[in-house]
Amino acid sequence: MAPPENRDTRSLADEDLMHLVAKAQPGAFEVIYERHSSAAFSLAYRMVGTRNAAEDVVQEAFLNLWRSGGRYDRARGSVRTWILGIVHHRAIDALRRATVHDRRRTGDEGIAERLEARERTDVQAAQREESKIVRAAMDNLPAEQCQVVELAYFGGFTHSEIAELLDAPVGTVKGRMRLALDKLRGSLTGGLGEVRT
Amino acid sequence: MSEHAPEFTDSAASYVLRALPPEEVAGFEAHLATCAECRSEVQRLQPVADALPSSPDQLAAPPELKDRIMSVVHAEANLLQAAGPQADVPARRTPADATGERRRRFGLSWFGRPGLALATALVALVLGGAAGAALFGGGNSARTVTAQTVPQGASAKLLVRDQGGHSTLVTRRLPTPGSGRVYQVWLQRGNGAPIPTNALFGTSRNGSASVDVPGSLKDVDRVLVSSEPVGGSRAPTRTPLISVPTA
């Protein structure tokens with residue numbers, strides 16, 4: 001249950017909340033966390049593969065946001081995009097530096113380690129709808145294009161590593177990435193706007 | 001204004017996916033400053049990359065995670081308050097901040113506020129170092145291992161990063177696992193029983209697949225794949241059809 005002083009902050013837009021976060025107001029940060037933690041955790045979990053490692057990434061990302069909230073610039077995109085960018089960046093750091101994978105445990109979290117988010121708010125329902133749209137667009141990509149995007153964005157592999165893995169020239173891998181993003185752009189144009197408005 | 005350089009063809013896509021090798025990032029960012037074509041391509045593709053975080057299944061963050069984060073936030077806020085107004089002055093934005101590339105936005109300093117640097121250090125001490133500890137470190141080298149055993153006509157490779165267990169198995173021309181079945185990844189130490197993982201996967205129409213192999217491969221000798229009933233198994237129900245040595 002939110003403390004009484006948070007009731008007003010809950011009606012504020014993300015961008016306005018960030019002004020309060022920049023002034024080190026925990027209540028505003030808490031609202032931001034509640035709005036975007038599911039998306040952040042989902043992305044981190046998809047990338048690093050275990051609950052513990054995903055929690056580390058999300059904790060690091062949100063504390064980073066708390067400590068540097070004054071740097072948010074709304075001209076550069078939404079708060080959500082900014083937060084997920086931080087999470088992605090942290091997860092890639094973790095993957096490329098590999099230490100996080102030492103924490104991965106096999107069998108201790110079970111095959112069914114899923115924490116299905118409940119659609120408690122309109123925001124979460126919209127996020128789930130957006131998830132469906134993006135996933136459908138990914139599913140419509142040719143397999144070899146989807147594969148390089150998955151390996152790069154969610155696997156944290158560089159195009160050189162992917163080229164070695166696929167026995168393909170680097171130029172081919174980069175070309176597939178561009179084709180994939182081109183097609184995704186075409187598929188997503190309009191669809192996400194309807195969800196976000 | 002410099003001309004577009006051929007070596008950066010399609011680098012914009014790799015860049016927005018953060019797949020440029022680290023040693024190439026600075027060169028490409030320097031190129032971006034002078035190449036309108038590549039800048040335009042990055043601007044065109046960036047929104048697509050920004051949409052990708054939406055594609056994973058949406059999961060609830062564990063409640064205890066919020067408790068941990070908020071305990072740090074409240075502790076730091078209290079310290080800032082105790083330190084007085086000077087501690088709460090955001091760092092002045094520098095020209096580099098204002099014109100920096102997208103990546104720099106995410107390379108955020110923990111010490112954007114002078115007072116917060118002290119507060120952070122104090123809280124890190126108070127909380128046993130958990131808040132301020134660096135989570136990640138180590139090197140970054142990867143090697144590729146080719147599978148010794150695969151179905152006829154198929155191939156499989158394992159990409160392993162040293163100093164950690166992150167690995168990815170990639171298959172080509174692998175037959176489908178069969179109706180009501182999935183492929184499951186197993187880890188094997190010596191001649192011991194295969195250890196189940198939660199890595200379950202199917203294949204595309206051309207038999208290609210990419211799957212992250214969970215768990216450190218530090219003491220693992222082989223990565224195996226077998227066809228199992230949907231949902232996976234605790235022990236292989238069929239003979240593994242892929243075997244990849246880890247070394």
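Start at R181(B): its bridge partner in β7(B) is P229(B). The model is predicted; local features need pLDDT of at least 70, side-chain atom pairs count only at pLDDT 80 or more, and totals for chains, interfaces and linings use all residues. Residues are numbered from 1 along each chain as its sequence is written, while chains are lettered from A and ligands numbered from 1 in the order in which they are written.

Strands here are DSSP runs of E with at least two residues, helices are runs of H or I with at least four, and both are numbered from the N terminus. Two strands pair if DSSP finds at least two bridges between them.

Now show the whole sheet. It is open, with 4 antiparallel strands in the order β5-β4-β7-β8 of chain B. β5 (195–201) and β8 (242–245) of chain B are the edges; each has a single partner strand, so one side of each lacks a neighbour in the sheet. From one strand to the next, the twist averages 30°.

**Chain B: β3 and β6**

Select β3 (residues 167–172) of chain B. Of its 6 residues, 5 are buried. Buried means 20 or more other C-beta atoms within 10 Å of a residue's own; exposed means 12 or fewer, and partly exposed lies in between, with C-beta atoms placed from the backbone. Zoom in on V170(B): opposite stands S210(B) in β6(B).

**Two positive phi values**

Most residues other than glycine have a negative phi. Go to R18(B), where phi is near 60°. R18(B) sits in the loop between α1 and α2 (22–32) of chain B. Is R18(B) buried or exposed? R18(B) is buried, with 21 other C-beta atoms within 10 Å.

Jump to D167(A). Its phi is near 55°, again positive in a residue other than glycine. The loop between α9 (159–166) and α10 (170–188) of chain A holds D167(A). D167(A) is partly exposed, with 13 other C-beta atoms within 10 Å.

**Chain A: helices**

Of the 197 residues of chain A, 55% count as buried. Among contacts in chain A with a separation of 6 or more, 63% come from residues 24 or more positions apart. A contact needs C-beta atoms, placed from the backbone, within 7 Å.

Select α8 (residues 143–154) of chain A together with α10(A). They pack at about 100°, with axes 8 Å apart. α8(A) and α10(A) are therefore roughly perpendicular to each other; that label covers 65 to 115 degrees. From α8(A), the contact residues include V148(A), V149(A) and A152(A); from α10(A), they include V173(A), M177(A) and L179(A). The residues of this contact divide into 8 nonpolar, 1 polar and 2 charged.

**Last stop: confidence**

Colour chain B by pLDDT, the predictor's confidence in each residue, from 0 to 100. The mean for chain B is 75, and 72% of its residues reach 70 or more. Which helix of chain B has the lowest confidence? Helix α6 (residues 102–106) of chain B does, at a mean of 34, whereas α1 (residues 11–16) of chain B is highest, at 95. Select residues 88–140 of chain B: pLDDT stays under 50 there. Where pLDDT is low, the predicted coordinates should not be read in detail. The model scores ipTM 0.79 and pTM 0.64.

Definitions and conventions. Contact = placed C-beta atoms within 7 Å. Axes fitted to C-alpha atoms, helices over the stretch in contact; angles between N-to-C directions. Parallel < 35°, antiparallel > 145°, perpendicular 65-115°, else oblique. Nonpolar A, V, L, I, M, F, W, Y, C, P; charged D, E, K, R; others polar.
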